[in-house]
Structures are given as C-alpha cells and as structure tokens.
Amino acid sequence: MARTRATPSLSLPEARWLALAAQGLGRARPRAANKPRLLALIAELGVLQLDAINVLERTQFLVPWSRLGSYRRDDLHAISGRAGALFEYWGHAASLLPVASQPLFRWRMDSFHGTLGGPAYTKRWRAWGEAHAAYVASVLAEVRERGPLAAAELRDPRRRDGEWWERRSVGRQALEYLFARGELAAWRNAGFERVYDLPERVIPREVLAQPSPRREEAQRLLIAASARALGVGTTSDLADYYRLPLREAAARVAELVEAGELERVTIEGWREPAYVPRRVRPRPPARTGATLLSPFDSLIWERKRTQRLFGFDYRIEVYTPEPRRRYGYWVMPLLLGDALVARLDLKAERRLGRLRVQGAYLERGRRSREVAPAAAAELRALAAWLGLAQISVGRRGNLASALRAALR
C-alpha cells in the first residue's frame with residue numbers, strides 16, 4: 001500500500017521570510033539603482049499598481065523605492081511610456097506590467113473583465129457599449145487617424161457633470177471601454193493622464209504576434225507568477241494578486257500542484273492550506289534597516305493575509321472621512337526585520353521643502369528605543385530622495401516624541 005506523503009509545515013516566521021524574499025524586501029537595498037535593476041524588480045513583482053494620490057509620492061514610485069532606495073523616477077517614466085518595456089492594463093488594479101506578459105491578459109480583454117468589476121459590472125459596461133456603439137466606433141476611428149490622444153483632445157469629448165465616474169466625459173468612457181477590451185492601449189503622461197493609441201503603435205510587434213493562450217493556460221501562468229511574487233499564499237491570496245475569479249483560481253492551483261509546480265504546505269496559525277513554489281525554502285531576511293511601505297504596496301494588498309502573516313491590522317483610510325480615520329490619510333507601515341512595527345502618516349510639503357510626519361504610531365509590544373532610530377534613518381533617506389530638506393514630526397501617536405528625539 002502506497003504511503004501518503006505528509007504535508008510540509010512552516011512556522012509563521014518562515015512564512016514571513018518567504019513573503020519578504022519574494023517581494024524583494026528581504027535583501028539589502030543596492031548601492032546604486034539603475035534602469036536594469038528597476039526592470040528586474042518589476043519583472044520579479046510581476047505587477048506594479050498605479051494610483052493618482054500624490055500627497056507624498058504616487059505609489060508606483062514608492063514601491064520600487066522601498067526595495068531599491070534612491071533611483072531616478074524618470075527611469076520608470078521611460079520604461080512605461082509608448083513602446084516601453086512595461087504596459088498598462090488591469091492587472092491587480094490599474095497596473096504596470098512587463099510587456100512580455102500582455103498575451104496572458106487577452107482572455108480578460110476578450111471576456112471584458114478588464115475593469116475587474118464582476119459579472120454585473122461587466123454586463124452594465126457591455127450594455128453601455130451597445131447603446132453608444134456608433135460613438136465608440138467614431139472614437140476608435142479618430143484615435144486611428146490622429147492618435148495618440150488623451151480624452152480631452154477628442155474632437156467631440158461630450159463633457160458632462162456628475163460625481164466620480166459619472167462626471168467623466170462620454171469620450172473618456174468610450175476610450176476606457178476600448179482600453180478594457182484591448183482595442184486601445186495606453187500610457188500615462190507627466191500629469192498622470194492616460195494617453196490612448198492603437199495597440200500596434202504601443203505594444204511591440206513581436207509581442208502582439210504571439211498566439212493568445214487559452215483562458216485556462218493564461219490563468220495557470222498568472223497563478224504561478226502570483227506564487228513566485230508572494231512566496232506563500234492561500235488560494236484566495238494567489239487569486240487576489242491578479243484579481244482572478246476565485247473558483248477558476250482554485251482549479252488552476254490544483255492543476256499546478258498536480259504538475260509539481262506548487263507545493264501545498266500548512267502554516268502555523270493559518271486555517272487554510274497554503275502554497276509555495278516548488279523548491280523554494282525560507283531564509284531569514286538580510287535587510288537590517290527599516291523600510292516604509294506604500295499603502296498600495298503589493299506585500300500588503302490582501303489585508304487578511306497581512307493580518308495572518310504579520311499580526312498587523314491595516315486599512316487604507318484615504319477613502320475614509322477624516323473624522324472617522326484612526327491613523328491618518330497616507331499611512332505607511334514600517335517594516336523592520338520580519339515585522340511590521342509602526343505606521344507613519346506622511347505628507348510632502350513641497351512648497352516648504354519639508355517631509356511632514358503627521359502621526360507616528362508604535363505597534364503593541366514594540367519598543368520605541370529600537371524602532372525610533374530605524375524609522376528616523378528611513379525618513380532621512382525618503383526625504384533626500386524626494387528632495388525635501390527638512391523633516392518635522394507632529395504630536396499624534398505614541399511614537400511621535402521618541403521619533404522627534406531620534407531625528408535630532
């Protein structure tokens with residue numbers, strides 16, 4: 001009778017080590033970060049979320065900084081522009097992705113799940129497209145003739161008033177509709193506005209010429225990429241990284257386990273089984289300094305996973321009305337060793353040349369005499385990269401006074 005192989009188990013610290021290594025946060029920052037290092041990092045992460053909020057710096061610039069330290073933001077602009085090594089599409093959310101992975105998202109374009117809104121949202125979008133078919137066709141023809149174009153540059157943008165999405169012009173909606181379907185590609189200008197053009201004028205010819213994988217095969221490859229980027233995760237964690245439908249993701253995980261590409265493990269304190277890439281083994285992180293993380297950092301995207309891994313209850317409060325915020329608007333977790341030890345509410349006061357710490361909060365069980373000097377060193381590095389000469393610390397939070405002292 002064949003003996004059943006026991007499921008390997010990992011301690012919680014070992015799971016954290018895998019996660020940090022996979023995200024490029026377990027190793028020391030390089031002395032110099034050039035464009036090849038930036039490209040290699042984004043290939044390692046697989047996806048870099050975009051967001052317009054610029055109270056400190058946009059998240060797409062902060063995520064590489066957390067891993068590489070001081071690098072040229074112009075390098076990211078250069079590799080994510082027209083015909084660059086990165087392209088924009090709906091990966092986790094609005095995201096920059098290695099251009100070689102473009103074929104893996106064609107099933108999403110074809111099924112019109114590009115906006116990641118679920119079946120009801122997709123149905124509504126399709127109905128919108130049918131109702132505005134003639135106008136959408138005219139927008140596509142105009143881009144073909146005149147492109148590249150931003151929404152405001154359309155001959156007939158059909159502007160309107162309203163709240164959030166409803167305030168956007170019909171022209172912008174038509175461009176977004178075509179972008180989600182893959183009929184247009186896009187990149188961001190210096191003002192973070194999308195500029196649209198035909199895919200053949202944005203995506204390299206050799207990439208567009210590649211055959212489209214079947215939906216199931218593309219999802220398998222995306223789940224495998226999720227596992228490499230996360231280091232360890234449950235089925236729902238792996239599905240969330242590229243926002244795949246959970247039921248389909250579960251089937252792909254089972255297939256990858258059967259093929260020997262993923263290994264099922266149990267994690268200390270986790271109720272659900274987890275999965276790790278084959279032959280990956282945990283090692284303690286080599287990074288000794290502290291690291292500030294963007295609220296939209298891919299290490300902490302999945303809040304339940306962040307709680308399971310680090311015992312860190314984190315919610316983004318930028319969308320919370322100010323009176324109901326607990327910690328602040330742009331709150332960055334502070335990583336030290338393999339633990340999330342504090343959170344800092346930061347703002348760049350560019351006119352004053354000052355980095356403002358509006359609140360500094362120490363996690364329970366952590367010592368301010370250990371955390372404050374590490375946080376101060378990280379703040380100095382961040383301020384230098386942002387070109388801010390001063391750092392000021394407000395009075396909010398149980399770490400504020402120790403942090404002020406450390407910065408002196």
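# Strands, cavities and a few backbone details

Colleague: How many bridges join β1 to strand β7, and how do they run?

Modeller: Two bridges join β1 to β7 (residues 262-267), and the strands run parallel. Strands here are DSSP runs of E, at least two residues; helices are runs of H or I, at least four residues, both numbered from the N terminus. Two strands pair if DSSP finds at least two bridges between them.

Colleague: What kind of model is this, and how do you number it?

Modeller: This is a predicted model, where local features need pLDDT of at least 70, side-chain atom pairs count only at pLDDT 80 or more, and totals for chains, interfaces and linings use all residues. Residues are numbered from 1 along each chain as its sequence is written, and side-chain values use heavy atoms, with hydrogens and water left out.

Colleague: Back to β7. Which residue there is the bridge partner of Ser9?

Modeller: Thr266. The sheet is open, with three strands in the order β1-β7-β8 and mixed pairing. β1 (9-10) and β8 (274-277) are at its edges; each has a single partner strand, so one side of each lacks a neighbour in the sheet.

Colleague: What is the order of the sheet with β2, β3 and β4?

Modeller: The order is β2-β4-β3, in an open, antiparallel sheet. β3 and β4 (residues 94-98) are joined by five bridges. Glu88 has Leu96 as its bridge partner in β4.

Colleague: Which helix packs on that sheet, and at what angle to β3?

Modeller: Helix α4 (residues 73-80). α4 touches β2, β3 and β4, and its direction makes about 75 degrees with that of β3. Contact means heavy atoms within 4.5 Å. Axes are lines fitted to C-alpha atoms, for helices over the stretch in contact, and angles run from 0 to 180 degrees between N-to-C directions.

Colleague: Where is Ala83, and what is its phi?

Modeller: Ala83 sits in the loop between α4 and β3. Its phi is positive, about 60 degrees, although Ala83 is not a glycine.

Colleague: Which residues does the cis peptide bond join?

Modeller: Gly147 and Pro148, with omega about 5 degrees. Pro148 is in the loop between α7 (133-146) and α8 (170-180).

Colleague: How do β11 and β12 pair?

Modeller: Antiparallel, over eight bridges, with β11 at residues 339-349 and β12 at residues 354-362. Asp345 has Gly359 as its bridge partner in β12. Their hairpin has four residues between the strands, and Gly353 takes a positive phi near 65 degrees there.

Colleague: And in which sense do β12 and β13 pair?

Modeller: Parallel, over five bridges, with β13 at residues 390-396. Arg356 stands opposite Ser392 in β13.

Colleague: New topic. How many cavities turn up, and which residues line the largest cavity?

Modeller: Three cavities of 30 Å³ or more. On a 1 Å grid over the protein atoms alone, a cavity is a set of points where a 1.4 Å probe fits but cannot get out; lining residues have an atom within 4 Å of a point. Grid points are joined across faces, edges and corners, and a volume is the space filled by probe spheres set on the points. The largest cavity holds about 50 Å³. Its lining includes Leu230, Asp237, Trp301, Glu302 and Arg305. Helix α11 (residues 235-241) gives the largest share of that lining, three residues.

Methods
On a 1 Å grid over the protein atoms alone, a cavity is a set of points where a 1.4 Å probe fits but cannot get out, and a pocket is an open set with protein on both sides within 12 Å along at least five of seven lines; lining residues have an atom within 4 Å of a point.
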